[in-house]
Amino acid sequence: MVAGSPVPTVSFPTACWRLLWSPPADGATNMAIDVAIVEAVAEGEAPPTLRFYRWDPPCLSLGRRQPVDEVDLTRCRMDGVEVVRRPTGGRAILHAGELTYSLVFPETDPRAAGGVLETFRRFAEAFVQALRDLGISGVALAPRLDPAARGDGFVCFETPTDYEVTIGGRKIMGSAQWRHRGVVLQHGSLPLEGDPGAIAAYLRNGPDPERLRRRAITLREAAGRPVTFEEAAAAIVAAFRRLLAIEAQPGALTPEERRRISEWRERLSVLRQAGVRSAELF
């Protein structure tokens, strides 16, 4: 390990997880895949899963309870930006030029012990290690925040929350978690390149894009070079193996998962289901 790397506080038994490399997909499909995997793991039909994916076309994802009226749907339609509802909480993210990961595993797994924040911390330590292995300095975990310090913004990358990953104080990864039927879904975004302020154009009364650029950072800017999707994902897989004893083996979606995906796609597209409340979805 490099100097100053995270040291796991608990030794875990080795676990074999399924590794999925998803092709680029629209936002509703990407979220439907995550939900379908949660249901399959809950039914004992699929193993714990680590998935890496991309978005095509660009997509604005909203946290589970984030109001749709915060979004400029007309501008999104004009620019070909999809809008989708996440099953997890948190605030809006514009998905473009990024690596997205998802983790789906039972709550009985020791890596889920201690609740949501402790699980966040464990996996965040692995993400910190992965970024350091890519040669990036200044990587750290954001400290616990006083709730009063979180502010009223509705952009995920505007403020690092508890145990999220930062570089020089600027947020580099945003993650969120949902626990359902005894299963943990955690997914998150690692911007590889692009403009952290671009999301402001798609939100009504949105934040100052210059402020977002000061508070967030892409992997390309942090590394001083382009980092590919595959390179970043490989670093995460290696860090999971070393720090969390997760052996990720390539696999594929099951036929039952594919059936569930087709059922969830239409329900998760905000542009198609703008009047549906999030409580009716999950």
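**Aromatic contacts in a predicted model**

The structure holds 8 aromatic pairs, where rings of Phe, Tyr and Trp (its six-membered ring) pair if their centres lie within 6.5 Å, with planes under 30 degrees apart counted as stacked, over 60 as edge-to-face and the rest as tilted. This is a predicted model, in which local features need pLDDT of at least 70 and side-chain atom pairs count only at pLDDT 80 or more, while totals for chains, interfaces and linings use all residues. Residues are numbered from 1 along each chain as its sequence is written, and side-chain values use heavy atoms, with hydrogens and water left out.

**Phe105 and Phe123**
- The ring centres of Phe105 and Phe123 are 5.6 Å apart and their planes stand at 50°, so this pair is tilted.
- Because Phe105 lies in strand E6 (residues 98–106) and Phe123 in helix H3 (residues 116–133), the pair ties together parts that are 18 residues apart in sequence; helices (H or I, at least four residues) and strands (E, at least two) are DSSP runs, numbered from the N terminus.
- Phe105 and Phe123 are both buried, meaning under 20% relative accessible area (1.4 Å probe, protein chains only).

**Phe127 and Phe240**
- Phe127 and Phe240 also form a tilted aromatic pair, 5.6 Å centre to centre with 50° between the planes.
- Phe127 lies in helix H3 and Phe240 in helix H6 (residues 229–244), so the pair ties together parts that are 113 residues apart in sequence.
- Phe127 counts as buried at 3% relative accessibility, and Phe240 counts as buried at 1%.

**The cluster**
- Trp17, Tyr101, Phe105, Phe123, Phe127 and Phe240 form one aromatic cluster.

Technical notes. Buried < 20%, exposed > 50% of the residue type's maximum accessible area, 1.4 Å probe, protein only.
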